[in-house]
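Me: I have a protein model open and want to learn how to read it. Could you take me through it step by step?

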Amino acid sequence: MLISSVRSLVSDGKLQLAWRCGQGTCGACKVRLEHAGSGGMVTLGGKEKNVMIRHAGLAADSPLTIPDTPELVRLACHIQIKSDLTIYVK
Ligand code: FES
């Protein structure tokens, strides 16, 4: 998961990413991403969707499959790294 890959950077203060639970439930690790697949569609897990509704402004009636753009807020705890990506942190 992305949070595991950047944990040491966060601990060392090299990446200003909020991080609390590390379990995908608190919504603290909001990021935006740009990667090779950006511009396509992404299917959120049910847990990520629920946390995003509570903490990241996702509409409650959003479908699980939504456009994957750098404007989409994701949670680092739910992102599997499949290719090089650029992380934008608030
Ligand atoms: S740190 Fe809590 S959801 Fe990622």
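This is a predicted model: local features need pLDDT of at least 70, side-chain atom pairs count only at pLDDT 80 or more; totals for chains, interfaces and linings use all residues.

Me: Which elements does the protein chain have, and in what order do they run?
Reply: Helices (H or I, at least four residues) and strands (E, at least two) are DSSP runs, numbered from the N terminus. The protein chain has two helices and five strands. From the N terminus on, they run α-β-β-α-β-β-β.

Me: What does the radius of gyration say about the protein chain?
Reply: The radius is taken over C-alpha atoms, and the globule rule is 2.2 Å times the number of residues to the power 0.38. With 90 residues, a compact globule would be near 12 Å; the protein chain has 12 Å, which agrees. Its C-alpha trace spans about 40 × 30 × 20 Å along the principal axes.

Me: How do I read a sheet?
Reply: Strands of a sheet pair through backbone hydrogen bonds, either parallel or antiparallel. Two strands count as paired if DSSP finds at least two bridges between them. Here an open sheet of three strands has the order 4-1-5, with antiparallel pairing. Strand 4 (74-75) and strand 5 (85-89) stand at the edges with a single partner strand each, so one side of each has no neighbour in the sheet. Strand 1 and strand 4 pair over two bridges. Lys30 stands opposite Leu75 in strand 4.

Me: Which residues make up the largest nonpolar core?
Reply: A nonpolar core is a set of buried Ala, Val, Leu, Ile, Met, Phe, Trp, Tyr and Cys residues joined through C-beta atoms within 7 Å. A residue is buried if 20 or more other C-beta atoms lie within 10 Å of its own, exposed if 12 or fewer, and partly exposed in between; C-beta atoms are placed from the backbone. The largest core has 12 residues in all, including Leu2, Val31, Val51 and Ile79. Helix 1 (2-11), strand 1 (30-35) and helix 2 (46-55) each give two or more. Helix 1 gives the most, with three.

Me: Is Leu58 buried, exposed or partly exposed, and what is it in contact with?
Reply: Leu58 is partly exposed, because 19 other C-beta atoms lie within 10 Å. Contact means that two C-beta atoms, placed from the backbone, lie within 7 Å. Leaving aside neighbours within four places in sequence, Leu58 is in contact with Lys49, Met52 and Ile53.

Definitions and conventions:
Residues are numbered from 1 along each chain as its sequence is written.
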